[in-house]
2 protein chains.
Amino acid sequence: MRLNKGLVFMSDTRTNAGVDDISQVRKMRSWHVPGERVITLMSAGNLATTQAVVSLLDERTKAPEERHPSILAAPSMFAVATIVGETLRNIVMRHNDEGQSAADSLFRASLIVGGQIKGAEPRLFLIYPEGNFIEAGEDNPFFQIGETKYGRPIIVRSYDPAMSFEDSVKLLCVSFDSTIRANAGVDLPIDLKIHERDDFTTVRERRFERNDPYFESVANGWAEALGIALAELPDFHF
Amino acid sequence: MRLNKGLVFMSDTRTNAGVDDISQVRKMRSWHVPGERVITLMSAGNLATTQAVVSLLDERTKAPEERHPSILAAPSMFAVATIVGETLRNIVMRHNDEGQSAADSLFRASLIVGGQIKGAEPRLFLIYPEGNFIEAGEDNPFFQIGETKYGRPIIVRSYDPAMSFEDSVKLLCVSFDSTIRANAGVDLPIDLKIHERDDFTTVRERRFERNDPYFESVANGWAEALGIALAELPDFHF
């Protein structure tokens, strides 16, 4: 999510190969050059694909002079998104059936990448399995990947670019709570990361574990508030 | 939706063959034998398929002694669901590519059928393109077809089998409002039908037109109430 104050990322940790094969895995990864750039990547889709993308991006950052292209050497966030997109597409296509497009592949995945490089604005991108991407802007200030529908209405209704990071976390917890209640493929723990605009030294992060007291207070409070709100709406009469 | 008091049906009227080809069509159809039975059918999916299903069911009701099987002569709601399911499957398969299953067909559709026959309980069924079906019960008291996700969380949270018809209409309006805001393929007018348990003479119905004052008051009231509810949730602190 893009705010005036910076970028907010939230991802769950549930992954599955069918409802009888469920595991926990972190879907958020950050790269950080203190004082110069901060980049966060979130993934949805085939886990082998997304882990391969992260590993490849990671390897190339370790000896930047030898392993190009590196997202830590890219001159802009647009260049970072291009590198990430090409890496994703290459991995999806390598495992593809012949004649199949990247979007139809069993190995497809989608990514959200965002961050800021000193001297430029914070930018946020949604990357498709084909490797192309779109950027968040004033009219589309947030992206979702994976199970996007259950949690979308409350964000659409309540997003405000001027909101505080604290309020955005509350909003995203409500959104994730709706999704978790509806889809067994999404669950706590949830990872949170915040890039404050022009702050290249500290990345605030937090994991909400199962039974996290704050997340529970939001989930319970929201359930109760919705019941009250519904009761207070004008009654229908035939 | 199955309530202690009877059955509640709600459907929108938007149909499309791509975002550049949008029309309005009623997706709800009822059959009524005063004093004996009342049946309501709702449809989602390929419009040619669902209209053919309704036309076939309808034709067979016109001279029941000649045109079997008729849903007006079926001895139970289970038999009604079986007839509707077989009609649906036959139409989907007739237009199918060879070797394709009904669920994979471009011409697939899903149906919800419910009603009551004198001497038996009200019953509600969800019918798949293959013609098989499941029945609503205490653990799964409502069905959705078409765009099911955006509007689901509020129903899951607030459904109560003991609720009044009036409260169920309010709840369904909130659910449809969330869906309409998120998916351009769903829109007003919305049709409502209510079967009161053991009442075989009156079927209450109502169409909520665009700019319907009640629907607007619910939509606006809900947007406002959610904003207040969110603000009142406990604040997050790092």
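**Entry 1**

I began in chain B. Pro189(B) sits in the loop between α4 (165–182) and β10 of chain B. The peptide bond from Leu188(B) to Pro189(B) is cis, and its omega is near -5°. I note for myself that the model is predicted.

Then I turned to chain A. A cis peptide bond joins Leu188(A) and Pro189(A), with omega about -5°. Pro189(A) belongs to the loop between α4 and β10 (190–196) of chain A. Such bonds deserve a note, because most peptide bonds are trans.

**Entry 1: positive phi in chain B**

I looked up backbone angles next. Most residues other than glycine have a negative phi. Asp198(B) has a phi near 65°, a positive value in a residue other than glycine. I found Asp198(B) in the loop between β10 and β11 (204–208) of chain B. Is Asp198(B) buried or exposed? Its relative accessibility is 52%, so Asp198(B) counts as exposed.

At 58% relative accessibility, Asn211(B) counts as exposed.

Strand β1 (residues 2–3) and β2(B) run antiparallel and are joined by two bridges. A hairpin of two residues connects β1(B) to β2(B). I checked one pair: Leu3(B) has Gly6(B) in β2(B) as its bridge partner.

Which strand pairs with β2(B) over seven bridges? I found strand β10 (residues 190–196) of chain B, in the antiparallel sense. Here Asp12(B) stands opposite Ile190(B) of β10(B).

I also checked burial. Seven of the seven residues of β2 (residues 6–12) of chain B are buried, so the strand is largely enclosed by the rest of the structure.

**Entry 2: the five-stranded sheet of chain A**

I moved to chain A. Five strands form an open sheet there, in the order β5-β6-β7-β8-β9. The pairing is antiparallel. The edge strands are β5 (28–33) and β9 (133–135) of chain A, and each pairs on one side only. On average, neighbouring strands of this sheet are turned by 15° against each other, direction ignored.

β5(A) pairs with strand β6 (residues 37–45) of chain A over six bridges, in the antiparallel sense. Within this pair, Val33(A) stands opposite Arg37(A) of β6(A).

Which helix touches β5, β6 and β7 (109–117) of chain A? I found helix α1 (residues 47–62) of chain A, packed on the sheet. Its direction makes about 10° with that of β5(A). Helix α2 (residues 77–94) of chain A lies across β6, β7, β8 (123–127) and β9 of chain A. α2(A) runs at about 160° to β7(A).

**Entry 3: helix α4 of chain A and its neighbour**

I took up α4 (residues 165–182) of chain A. The helix has 18 residues and reaches 26 Å from its first C-alpha to its last. That is close to the 26 Å expected at 1.5 Å a residue. I counted burial too: 14 of the 18 residues of α4(A) are buried, so the helix is largely enclosed by the rest of the structure.

How does α4(A) pack with helix α5 (residues 213–232) of chain A? I read an angle of about 75°, with the axes 10 Å apart. The two helices are therefore roughly perpendicular to each other. From α4(A), the contact includes Lys170(A), Cys173(A) and Phe176(A). From α5(A), Tyr214(A), Phe215(A) and Trp222(A) are among the residues in contact.

**Entry 4: how the two chains relate**

Last, I compared the copies. A rotation of 180°, with 0.0 Å of shift along its axis, superposes chain B on chain A. The RMSD is 0.0 Å. That is the relation of a two-fold axis.

Which residue of chain B comes closest to the rotation axis? I found Tyr150(B), at 2.5 Å by its C-alpha. I then looked at the interface. 100% of the interface residues of chain B are also interface residues in chain A, so the copies meet through the same surface.

Key: Residues are numbered from 1 along each chain as its sequence is written. Chains are lettered from A and ligands numbered from 1 in the order in which they are written. This is a predicted model: local features need pLDDT of at least 70, side-chain atom pairs count only at pLDDT 80 or more; totals for chains, interfaces and linings use all residues. Side-chain values use heavy atoms; hydrogens and water are left out. Helices (H or I, at least four residues) and strands (E, at least two) are DSSP runs, numbered from the N terminus. The expected span of a helix is 1.5 Å times one less than its number of residues. Buried means under 20% relative accessible area, exposed over 50%, partly exposed in between (1.4 Å probe, protein chains only). Two strands pair if DSSP finds at least two bridges between them. Axes are lines fitted to C-alpha atoms, for helices over the stretch in contact, and angles run from 0 to 180 degrees between N-to-C directions. Contact means heavy atoms within 4.5 Å. Copies are superposed by least squares on the C-alpha atoms of residues with pLDDT of at least 70 in both. Angles under 35 degrees count as roughly parallel, over 145 as roughly antiparallel, 65 to 115 as roughly perpendicular and the rest as oblique.
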